[in-house]
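This report describes how the parts of one protein chain are arranged, and it is written to be read beside the model. Please keep the sequence and the structure in view while reading.

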Amino acid sequence: MEKTKQRILKERAIEASKFSHSPYSKYSVGAAVETEDGEIFVGCNVESSSYGLSVCAERNAIAAAIVNGHKQFRAMAVYSRNGATPCGACRQVIWDICGDIPVYVYDEAGKEKTYRTSELLPNPFDCRKFEE
């Protein structure tokens, strides 16, 4: 991915984290996903007092893209204060919807790490494996 687009994804993820609704954890996360045609959609984490009903930034960004008609993705950026990687549920959803894309993870100190979805979820639950 070109550095300019990666920088834009990072900036959009950081901006999205500012809208986080995280009154319980006080842990803001922002995500940005790039579609195959270059559009970027963002999401932030939205917590509920019933924790299981909370929705992560990554899944919100993907849902925003899907509701706007997109089904092919190039990359994702995730921002949090300590550079946490996506949770297990998000890893599965990223795999299911986006496939094996790069996931750029950033923290507030400016550190970054790049993963592929296949690294984050090396043995995914995947119905495609049974279709062969």
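## A salt bridge at aspartate 100

Aspartate 100 is partly exposed, with a relative accessible area of 34%. The structure discussed here is a predicted model. The side chain of aspartate 100 forms a salt bridge with that of arginine 116, at 3.6 Å from N to O. Arginine 116 belongs to strand β5 (residues 112–116), whereas aspartate 100 sits in the loop between α3 and β4, so the pair ties together parts that are 16 residues apart in sequence. Arginine 116 is likewise partly exposed, with a relative accessible area of 35%.

## Further salt bridges

How many salt bridges does the structure hold? There are six. Side chains of opposite charge can pair when their charged atoms come close. One of the pairs joins glutamate 34 and arginine 74, whose side chains meet at 3.0 Å, N to O. Glutamate 34 is in strand β1 and arginine 74 in strand β3, so this pair ties together parts that are 40 residues apart in sequence. Glutamate 34 counts as buried, at 0% relative accessibility, while arginine 74 is partly exposed, with a relative accessible area of 36%. Both residues also belong to a network of salt bridges that links Lys5, Glu34, Glu36 and Arg74.

Another salt bridge is formed by the side chains of glutamate 11 and arginine 7, at 3.0 Å from N to O. Both residues lie in helix α1 (residues 3–17), four residues apart, which is about one turn of the helix. An α-helix has 3.6 residues a turn, so residues three or four places apart point the same way. Glutamate 11 is partly exposed, with a relative accessible area of 41%, and for arginine 7, also partly exposed, the value is 42%.

## The buried side of helix α1

Helix α1 consists of 15 residues, and from its first C-alpha to its last it reaches 21 Å, close to the 21 Å expected at 1.5 Å a residue. Which residues of α1 are buried? They are Gln6, Leu9, Ala13, Ala16 and Ser17. These residues cover an arc of only 100 degrees around the axis, which puts them on the same side of α1. The elements that cover them include β1, β2 (40–44), β3, β4 and β5.

## Alanine 31 in strand β1

Alanine 31 is located in strand β1. Is this residue buried or exposed? At 0% relative accessibility, alanine 31 counts as buried. Beyond the residues up to four places away in sequence, alanine 31 touches several others, among them Ala13, Ala16, Phe41, Ala61 and Val78. Its C-alpha atom is separated by 12 Å from that of alanine 63, which is 32 residues away along the chain.

In soluble globular proteins, nonpolar side chains tend to be buried together. The largest nonpolar core of this model has 18 residues, and those with the most contacts inside it are Val33, Met76, Ile94, Cys98, Ile101 and Val103. Two or more residues each come from β1 (29–35), α2 (57–67), β3 (73–80), α3 (88–98) and β4 (102–106). Helix α2 gives the most to this core, with four residues.

Cysteine 98 is in contact with Val33, Ile62, Phe73 and Val93, leaving aside its neighbours within four places in sequence.

How values were computed. Residues are numbered from 1 along each chain as its sequence is written. This is a predicted model: local features need pLDDT of at least 70, side-chain atom pairs count only at pLDDT 80 or more; totals for chains, interfaces and linings use all residues. Side-chain values use heavy atoms; hydrogens and water are left out. A nonpolar core is a set of buried Ala, Val, Leu, Ile, Met, Phe, Trp, Tyr and Cys residues joined through side-chain atoms within 4.5 Å. Buried means under 20% relative accessible area, exposed over 50%, partly exposed in between (1.4 Å probe, protein chains only). Contact means heavy atoms within 4.5 Å. A salt bridge is a side-chain nitrogen of Lys or Arg within 4 Å of a carboxyl oxygen of Asp or Glu. The expected span of a helix is 1.5 Å times one less than its number of residues. The arc is that of the directions from the helix axis to the C-beta atoms.
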